[in-house]
Amino acid sequence: MGQELCFRWSAGSRRAPPPSAYATSLLLSQALLDGGLAHRRPGCLFIDMDAATLLSPIGDVLCGSLGAIQLPVGMPVQESVTRRIAQLHARGYRFALAGVVSPDDARTAWLPMVSFVKLDVSLAPVSAWATVQELACQAGATLIADRMTESADYLRLKALGVRYFQGDLLMAPQEESPRSLPSCDLDVLGRLFRLVRHGAPPEALAMTAASDPALVIRLLMLHRLHAGRARPPETLAETLAGVPEPVLIGWLHVLRSSTFDLTPSTQSWSHAVREQIHNYRARLIGARICCSPAELEAKVFDLYRRLCARDV
């Protein structure tokens, strides 16, 4: 790892309030599914979450292997928030304190559970830099000098031993506009969400999800994100079983508010994907090359896996 590291996709800023649950859902969906940044870009994904979003199922989505939940300035240090951070930290989730300007920041109470501390160089007095650095060091957290704009500040922080930097001095904000995946069927999403919440078995979940090709594609991508190097699933039921239940509930919460688009072009693409799957299934049935419904579904599922291949 080099001496300077620019982290990517940090949502929100000190001067703006953290995004709403809807905006956070949209960002998660675009970054990890539509944009596929986890496979295309190095670095750590930081996502701002306000207290309401963190306490909701959305907080379960950003597992430690995917990035860090960024705790914004003004996040209330309340028992419910602290308990939620502790629960997620125990499951391997990572957290970052954003916009730290003083060692007196109330959020430093969470330092034992924090992986990153972002020092806001644009607002923090120079006299506080070393103290904040020492706090981060004592907690075993990585200090990131954030909002860097001046070369003199960079040199001063580098002399203090700071290794990681972020800001316009190093790289201007980069914007990406990933092409959206086909829109999901909101009725199917709603039914699947309710089934998961009621503890339905993977086979029942798969029967519901299979009716929406756009949802199946996303579920395969989620399995790839969260199952790591595990053996690729052979069935849709295996795909669903391979994603931890809290994570699956969180993602369905995200997908219900971020994966539908009523524009003509997106509707046309969604229709084309559904038609492709329907026609492929019909050709298999017509050719009578499948000896059983299970074999038919296995061949259809193999087409889905090809559609989701990394090199497509």
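Modeller: Two rings of Phe, Tyr or Trp count as a pair if their centres lie within 6.5 Å, and planes over 60 degrees apart make such a pair edge-to-face. This is a predicted model, and the structure holds 2 aromatic pairs.

Colleague: How far apart are the ring centres of Phe 46 and Phe 116, and at what angle do their planes stand?

Modeller: The ring centres of Phe 46 and Phe 116 are 5.2 Å apart and the planes stand at 75°, so this pair is edge-to-face.

Colleague: Which parts of the chain does the pair link?

Modeller: The pair joins distant parts of the chain.

Colleague: Is Phe 46 buried or exposed? And is Phe 116 buried or exposed?

Modeller: A residue is called buried under 20% relative accessible area. Phe 46 has a relative accessible area of 0% and is therefore buried. Phe 116, at 8% relative accessibility, also counts as buried.

Colleague: Where does the charged end of Lys 118 sit?

Modeller: The charged end of Lys 118 is placed over the ring of Phe 46, 3.9 Å from the ring centre. A further case involves Arg 256, which lies over the face of Phe 193 at 3.9 Å from the ring centre.

Colleague: Let us turn to the helices. How many residues has helix H11, and how far does it reach?

Modeller: A helix can be judged by comparing its span with the value expected at 1.5 Å a residue. Helix H11 (residues 245-258) has 14 residues and reaches 20 Å from its first C-alpha to its last, close to the expected 20 Å.

Colleague: Which residues of H11 are buried, and against what do they pack?

Modeller: The buried residues of H11 include Val 247, Leu 248, Trp 251, Leu 252 and Leu 255. The buried residues of this helix pack against helix H1 (21-34), helix H7 (186-197), helix H9 (213-227) and helix H10 (236-241).

Colleague: How many residues of H9 are buried?

Modeller: In H9, 14 of the 15 residues are buried, so this helix is largely enclosed by the rest of the structure. H9 reaches 21 Å from its first C-alpha to its last, close to the 21 Å expected.

Colleague: What do the totals for the chain say about its make-up?

Modeller: The chain has 13 helices and 6 strands. Buried residues make up 46% of its 312 residues. Of the contacts with a separation of 6 or more, 68% come from residues 24 or more positions apart. The chain exposes about 15100 Å², of which carbon and sulfur atoms supply 55%.

Conventions. Residues are numbered from 1 along each chain as its sequence is written. This is a predicted model: local features need pLDDT of at least 70, side-chain atom pairs count only at pLDDT 80 or more; totals for chains, interfaces and linings use all residues. Side-chain values use heavy atoms; hydrogens and water are left out. Rings of Phe, Tyr and Trp (its six-membered ring) pair if their centres lie within 6.5 Å; planes under 30 degrees apart count as stacked, over 60 as edge-to-face and the rest as tilted. Helices (H or I, at least four residues) and strands (E, at least two) are DSSP runs, numbered from the N terminus. Buried means under 20% relative accessible area, exposed over 50%, partly exposed in between (1.4 Å probe, protein chains only). A charge sits over a ring if NZ of Lys or CZ of Arg is within 6 Å of the ring centre and within 35 degrees of the ring normal. The expected span of a helix is 1.5 Å times one less than its number of residues. Contact means heavy atoms within 4.5 Å. Accessible areas come from the Shrake-Rupley method with a 1.4 Å probe; for residues, only the protein chains shown count as cover.
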